[in-house]
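Keep the view open as you read, and look up each residue as it comes up.

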Amino acid sequence: MRLLALVLATAALAGAGCGDDSEAGSGKRPRLVVSAASSMTEALEACAPHFAGANVRLQFAGSDELAAQIRQGVKPDVFAAANTSLPVELHADGLLSSPVEFATNQLVLAVPRDSEIDSLGELARQDVKIAIGSASVPIGSYAREALGRLPAPQERAILDNVRSNEPDVRGIVGKLTQDAADAGFIYVTDVEATDGELRSIALPPELQPTVTYGAGVVQGAERPEQAERFVDQLLDGRCADALREAGFRPPPR
Amino acid sequence: MSGVAGARPGAVRGAPRPAWFPAVLGVALALALTFLTLPIVAIFLDSSPARLIDALGEPAALDALWLSLRATAMSLGLILLVGTPAAYLLATRSFCGKSLVITLVELPLVLPPAVAGIALLAAVGPSGILGGAVEAAGVELALETAGVVVALTFVASPFYVRQATAAFASVDRTLLDASRTLGASEARSFLRVMIPCAMPGLTAGTALALGRALGEFGATLMFAGSFQGITQTVPLAIYDRFSTDFDSALALSAVLVAVSAAILLSVKLVQRSEALGGAAG
């Protein structure tokens, strides 16, 4: 009982601390809520504190989950997804402004640093355990799209080795760094973010899907002007620079 | 127990309550009731019975239900097998460091599921401190059903052990002494006297552990992953459907609510029969 009280008290203090930080540090600055795909975590955390005019509160999860929240009436100011189809669908349903393409990414095969796997072909071996994104998440559908361009028996053999359909990129990275899985499909930027814990193996160009990131302002956002400025500087500004630094490439022109 | 209960009415009678106080109590209860029941009622209002039956017809949903039931049953088996004698020891012996042991056993009760997932990976995950030993024993936990059972057991067992310890501690010791005087060994007395006498408490503990195991989400996802029929339990299937098929997620949620409500109800019934039995005895 005493322990429980101690834990609760600690949690309360920690919670209070967080609240103070975001409010007190802000003075009277407005708050801008940005829902972004997990794969942008490092880049946006680096640039968002420098955003002028508003305190940016970043919310990371699988793009599909964030889109589902918006459909359920959750109203962030900005939605930045790891694909263009989710923003386009939300726009078609009147829930998002016309989306902007702001970055591209590369799908890669990721393995733990000391893994013996060196090529995509080895994933068809019987004892290989693969973690990929669930079919509903962009990272999962890109992986399936890439594998779909392989000869059917090879695609089959690889998909048969899938042991976990993770709800977002972080789940796949965790399974790989903890050696629970031998290989996974993630973005090249995710591999770079692990600081050498994971190694990336480039996919043959003919398999590479087009991974374009799209963002828009959520309809009914509390701060539409600031939201628009945030989207603009994803394309050209401090966050665009942070994205390039994290390994993202500029959007197609 | 009866002494404490007997003292209460006298103390209340001494101080007349102001009239506004019962109103505050009533409002507080109404607030709590609305807040706690509204989301659950919404699950059922938002999904039609037809849609619910449809969703349950999906192979993935059935796989998830079947896996949840299997994994929960296996982890309950382990919990009862190990937790019952452990709780008996905690309830009947006093030894140095006992309260530390009890605190450690109860610690998972207050751990966030994500911490449980990380902790299990660090301990028995493939690159955890005992990962090599687990592998040498030919057991695979990560990304396998066995890993789900381990995760459920870790988070659910304290609920049972805690309740079972209390149940054994409240059994009248003269019954045990009588049994021993009549020549029964301690093992026999444990099986024939202590367990039957503590049964209502053990049942309640089992139900609590069952409810916790059925609802486990975070530790399972982090430690065991998510794969249909192997590691995707009902809560994971609900999360997987959340973004693509909200109706189906609602339907599976409704099933979980129904099962959990049935568990809670059976605990209440057991406790009531215990109370009646106690009064009769």
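1. Some ground rules. This is a predicted model, in which local features need pLDDT of at least 70 and side-chain atom pairs count only at pLDDT 80 or more, while totals for chains, interfaces and linings use all residues. Residues are numbered from 1 along each chain as its sequence is written, and chains are lettered from A and ligands numbered from 1 in the order in which they are written.

2. Chain A overall. You will find 10 helices and 10 strands in chain A (DSSP runs numbered from the N terminus, with H or I over at least four residues for helices and E over at least two for strands). Of its 253 residues, 46% are buried (20 or more other C-beta atoms within 10 Å of a residue's own; 12 or fewer means exposed, anything in between partly exposed, with C-beta atoms placed from the backbone). Among contacts in chain A between residues at least 6 apart in sequence, 76% join residues at least 24 apart (a contact means that two C-beta atoms, placed from the backbone, lie within 7 Å).

3. The five-stranded sheet. Follow the order β2-β1-β3-β10-β4 in chain A: this is an open sheet of 5 strands with mixed pairing (strands pair if DSSP finds at least two bridges between them). β2 (55-61) and β4 (100-105) of chain A each have a single partner strand, so one side of each has no neighbour in the sheet. Inside the sheet, β1 (residues 31-37) and β3 (residues 78-81) of chain A run parallel, joined by 3 bridges, and Ala36(A) sits opposite Ala80(A) of β3(A).

4. Strand β8 and its partners. What covers the residues 183-187? In β8 of chain A, 5 of 5 residues are buried. Strand β5 (residues 107-112) of chain A runs antiparallel to β8(A), with 4 bridges; here Val108(A) has Ile186(A) as its bridge partner. Strand β6 (residues 130-133) of chain A is parallel to β8(A), with 2 bridges, and Ala131(A) is partnered there by Gly184(A). β6(A) also pairs in the parallel sense with β7 (residues 162-166) of chain A over 4 bridges, where Ala131(A) has Ser164(A) as its partner.

5. Two domains in chain A. The assignment gives domain 1 (2-105 + 211-245) and domain 2 (107-202), with bounds from an automatic or database domain assignment. In chain A, 11 residues of domain 1 are in contact with 15 residues of domain 2.

6. Where chain A meets chain B. Here 23 residues of chain A are in contact with 20 residues of chain B. On the chain A side, α1 (2-24), α3 (63-71), β7 and α7 (169-177) each supply at least two residues.

7. The largest nonpolar core. This core has 140 residues, and those touching the most other members are Val78(A), Phe79(A), Ala80(A), Ile186(A), Ala151(B) and Leu252(B) (a nonpolar core is a set of buried Ala, Val, Leu, Ile, Met, Phe, Trp, Tyr and Cys residues joined through C-beta atoms within 7 Å). Helix α8 (residues 145-169) of chain B gives the most to this core, 14 residues.
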